[in-house]
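Subject: Structure for your review

Dear colleague,

My findings follow it, and I would be grateful if you read them alongside the coordinates.

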Amino acid sequence: MEELVVASVAEFQERLQELEPEERGYLFRGQANAAWRVHSSAARRLSDNSVRPINQQLISHLLVGYLETMIAKAKLRNYVPPGLPSDASDLEFLAHLQHQGAATGLIDFSRQPLVALWFACNDIRAKDGAVLLLPRSATMEISDLATLKNNIEFFYGEDKLWSWEPSAFRERILTQKSVFVFGLPWIDPDRQTKITIRAESKTRIIEHLESFCGINEEELHPDYSGFAIANASTKPFDAKRTISYWQKQIEQSSDELEKAKAYYKYGVAFDAIGDPAKAIEQYDEAAKLNPRDANTFINRGNAKADLGNTDEAIADYATAIEVDPECAAAFNNRGNLKANLELKEEAIANYDKALELDPQLAEAYTNRGSAKADLKLYQEAVADFDSALEIDPLNPLMYCNRGTVKAEMKLFEEAIADFNRAIDDLENSLGAEQDLAQAHFNRGLAKTSIGLIADSLVDFIRTVKLDPENVNAYYNLGTANNRLGLYSEALVNFDKAILLRPKYPDAYTSRAYAKAGLGLYEEAILDHNRAIDLDPNDGKAYHNRGVTNSSFGRHEEALRDYDKALLCSPELADTYVNRGTVKAHLGRREEAIADLNQAILLDPENSIAYFQRGIFRRSWGPLEAALSDIDMAIRIKPDFAEALHNRGKIKAELGLHEDAIADYSKALDQRPEYAGVYLDRGIANTALRRTEEAIKDWDEVIRISPQNADAYINRGSAMALLRRPREAILDFDKVIEIVPHLSGAYNNRGSAKAILGLYEDAIRDFNAALGINPGDMKALANRGQSKALLGLHEEAIADYDSTLRITPDDAEVYYKRGLARKDLRQFESAKKDFEHAKILAQEQGLRELLSCLEHELKSLNFKPFQVISHSSEFVPGVDPERLKERIYELDDELFVKKSGK
């Protein structure tokens with residue numbers, strides 16, 4: 001279905017002119033909601049309002065029976081409309097029933113496009129309408145009496161549409177240029193062209209059609225029932241029609257009081273059509289004729305207030321009070337003007353008097369509540385709104401007002417509940433688009449305040465649909481998209497906000513943030529520059545540009561921006577935090593700490609300042625001071641996941657692994673998808689020998705971040721420790737895939753292969769590790785061990801020698817070299833290695849290794865003796881206890897037996 005969009009009568013006519021001409025022309029149908037499909041009323045009744053809703057596929061089969069049954073019942077009960085001949089066809093009978101409101105299979109169209117346009121705009125002003133164009137050639141026209149006389153089943157037997165222009169048995173059909181289309185329960189959209197009418201244009205189009213085309217409710221429904229419908233409670237009232245009536249009353253009245261009343265009503269009519277100047281003229285005349293009518297002065301005061309003549313309006317309210325000292329409305333209205341003049345206390349005094357005179361004046365409670373809210377007397381304001389709602393519980397605006405105050409009190413959940421109620425009521429209120437837009441906007445702000453960012457988007461989108469000129473809604477919509485990382489969408493929102501308000505510094509700043517998120521550094525800086533140009537003394541503007549410069553690594557530029565920000569606004573604690581962070585990156589430690597100290601002095605509850613100072617102290621020491629700062633950050637903000645994570649790291653460094661795990665778990669309660677915390681908790685669990693728990697943590701890291709090499713290398717090492725080398729090798733394979741030049745991954749994979757006895761493969765991995773990092777002592781030592789297990793003792797000793805040149809205090813390597821020399825029967829050299837290893841092991845507290853060394857030294861003291869090769873197992877970081885378990889108890893007889901001597 002082709003779809004076009006218009007916003008005026010002229011555009012509508014232009015679109016019609018642009019359409020391809022049809023040989024037989026078009027039929028037109030107006031629908032108040034563009035989303036509706038074109039259904040016959042009978043199809044809607046069968047699908048929506050039957051006792052059991054009927055599947056749409058069955059409706060076409062049931063429709064004929066429904067229509068024929070309805071006609072038969074009407075005829076049986078002699079419900080034959082006057083003027084309908086006794087031999088009338090079924091279609092003619094249906095046309096009369098439809099006219100009286102029955103659900104029939106006839107779908108109304110018109111030959112007149114402007115009539116269809118009027119029907120598209122007259123109802124549901126808050127939603128887009130549509131005019132649907134159906135080519136007449138898409139229908140079979142009934143043009144002879146014989147065809148008309150066929151029964152209903154004849155017209156619904158095939159997949160085709162019929163059209164019929166009924167005779168003008170009702171004037172309404174003639175006026176509306178009606179044509180009935182039928183034969184199918186609904187009309188496929190592909191058969192039609194759709195012209196959408198924007199909701200915000202409906203009122204303007206209706207006024208144009210009534211003023212220039214003579215198309216209105218009463219003209220289109222010229223019969224008695226149509227006249228009644230045109231004046232139903234749901235139809236808009238046109239005050240212009242009453243003006244001429246009161247003008248005549250003025251001309252005809254001879255009594256001064258009657259004429260004063262007529263002038264007063266005449267003024268009210270002008271007020272109703274939005275012409276306060278004309279209204280004042282009439283109120284002036286009414287006041288001259290009857291200076292004792294307080295209502296005249298109140299209304300004249302209202303009209304003057306509308307024109308901005310505040311002093312004159314206040315004078316009129318004062319006159320009304322002189323005339324009638326018990327006039328509550330005058331006190332209330334004067335209070336409103338005092339409030340507008342920021343004279344809140346005087347306004348409240350007027351509202352107090354109004355409520356003293358009329359305790360049921362809900363409007364005065366509402367106004368007093370708003371004034372008290374402006375004075376930050378929030379509890380009293382809420383009490384006033386509560387009183388207003390007790391009197392008028394169905395007033396959605398009062399819920400809006402109360403919700404706004406509760407949001408100021410940070411009672412966001414209660415505020416959202418009030419906005420929900422207001423929105424539900426306003427959705428069904430005619431002409432409430434602006435109030436509904438404001439309610440959605442306020443609810444969006446409240447949701448943002450409690451972190452419901454995605455939910456707030458829905459409210460801000462609804463706001464701009466209802467109020468396309470609401471610049472603040474576009475700005476907040478962009479801000480929400482920024483927070484969700486939807487930077488491209490945010491750009492569109494900020495572009496619109498800036499288009500509506502070119503001098504909007506915050507919009508430029510926020511757009512810069514979106515551009516920075518997309519990596520558009522230069523464009524982001526241009527937006528920051530524009531914000532600064534608009535207000536060169538705005539410290540926050542310089543601060544924001546500094547943040548962008550810092551995020552792109554331009555630290556010197558960022559420092560200059562932060563310096564300017566603090567020159568303009570020395571009280572900006574966050575700027576001190578950010579400047580301190582940049583100075584820390586530049587290695588200016590003392591200056592960084594000084595800035596953070598100043599931030600804390602300005603804002604003792606600034607959790608980020610304590611957190612950053614704690615991070616720096618963790619790097620620079622002492623750890624206890626760092627821990628104190630992080631503790632303070634968490635006290636201020638208990639749900640600060642990053643702070644909990646870092647406190648856990650500090651505790652782990654202090655050896656407090658249980659406490660560290662408790663902090664990591666709390667951080668995960670706040671951010672369940674925080675991969676870095678799972679990684680560190682796994683390391684802490686490893687330190688406590690909870691290897692299975694550690695593996696579960698690293699599984700979570702890999703689930704959240706499948707390319708996290710640290711998780712794979714840690715899990716692989718744990719698998720090797722649990723004697724699961726094949727799984728370890730798979731993890732190290734993944735590490736090498738992610739980070740091909742990580743020597744430790746090759747070393748660890750080689751160690752796992754050695755556990756499986758794949759010594760040649762292991763040596764290739766150790767060679768790869770050393771090719772990447774020739775100083776990798778672990779790879780050297782492990783390669784030496786693999787060579788020893790292959791009997792390549794001389795090569796093994798060469799690797800141990802290289803290792804000891806790098807780490808001369810490694811007791812384990814001396815031990816391994818001693819074993820290799822023992823295998824080569826270099827007993828004196830072996831004994832020296834064991835003795836040196838023993839001294840180092842004693843110094844380093846390596847008890848398991850000491851036990852192995854004592855055994856070896858003892859065995860070397862037996863004479864004579866022979867040695868056979870020993871075997872060993874590899875674990876990353878080689879466990880001496882496991883080595884001990886794998887070393888043979890050798891004696892001369894076994895050596896002779898194995899050597900064949």
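Predicted model: local features only at pLDDT ≥ 70, side-chain atom pairs only at ≥ 80, totals over all residues.

**The chain as a whole**

The chain has 901 residues, of which 49% count as buried. Its secondary structure consists of 49 helices and eight strands. Where contacts join residues at least 6 apart in sequence, 55% of them link residues at least 24 apart. The accessible surface is about 44300 Å², and carbon and sulfur atoms account for 49% of that area.

Helix α40 covers residues 725-738 and helix α41 covers residues 743-755; their axes come within 9 Å and cross at roughly 160 degrees. Because angles over 145 degrees count as roughly antiparallel, α40 is roughly antiparallel to α41. The crossing of this pair is left-handed. From α40, the residues that take part are Pro725, Ala728, Ile729, Phe732, Asp733, Val735 and Ile736, and they meet Ala745, Tyr746, Asn748, Arg749, Ala752, Lys753 and Ile755 of α41. By class, the contact of α40 with α41 comprises ten nonpolar residues, one polar and three charged.

Helix α41 also packs against helix α42 (residues 759-772), with axes that come within 8 Å and cross at roughly 165 degrees. α41 is therefore roughly antiparallel to α42, and the crossing of α41 and α42 is left-handed. On the α41 side the contact involves Ser743, Tyr746, Asn747, Arg749, Gly750, Ser751, Lys753 and Ala754, while α42 contributes Tyr759, Asp761, Ala762, Asp765, Phe766, Ala768, Ala769 and Ile772. The contact of α41 with α42 divides into eight nonpolar, four polar and four charged residues.

Arginine 402 lies in helix α21, which spans residues 396-408. Its relative accessibility is 13%, so arginine 402 counts as buried, the cut-off being under 20%. Beyond its neighbours within four places in sequence, arginine 402 is in contact with Val382, Phe385, Asp386, Leu389 and Asp418.

Glycine 444 belongs to helix α23 (residues 433-449). At 0% relative accessibility, glycine 444 is likewise buried. With residues up to four places away in sequence left out, glycine 444 touches Ser456, Asp459 and Phe460. The C-alpha atoms of glycine 444 and phenylalanine 460 are separated by 6.1 Å, although the two residues are 16 apart along the chain.

Most residues other than glycine have a negative phi.

Glutamate 342 is not a glycine, yet it has a positive phi of about 65 degrees. Glutamate 342 sits in the loop between α17 (328-340) and α18 (344-357). With a relative accessible area of 56%, glutamate 342 is exposed, since exposed means over 50%.

Lysine 410 also has a positive phi of about 65 degrees without being a glycine. The loop that holds lysine 410 runs between α21 and α22 (412-427). Lysine 410 is exposed as well, its relative accessible area being 62%.

Yours sincerely

Note on methods
Residues numbered from 1 in each chain as written. Heavy atoms only, no water. Helix = DSSP H or I, 4+ residues; strand = E, 2+ residues; numbered from the N terminus. Buried < 20%, exposed > 50% of the residue type's maximum accessible area, 1.4 Å probe, protein only. Contact = heavy atoms within 4.5 Å. Areas by Shrake-Rupley, 256 points an atom, 1.4 Å probe, with all protein chains shown as cover. Axes fitted to C-alpha atoms, helices over the stretch in contact; angles between N-to-C directions. Parallel < 35°, antiparallel > 145°, perpendicular 65-115°, else oblique. Left-handed = near helix turned anticlockwise from the far one by under 90°. Nonpolar A, V, L, I, M, F, W, Y, C, P; charged D, E, K, R; others polar.
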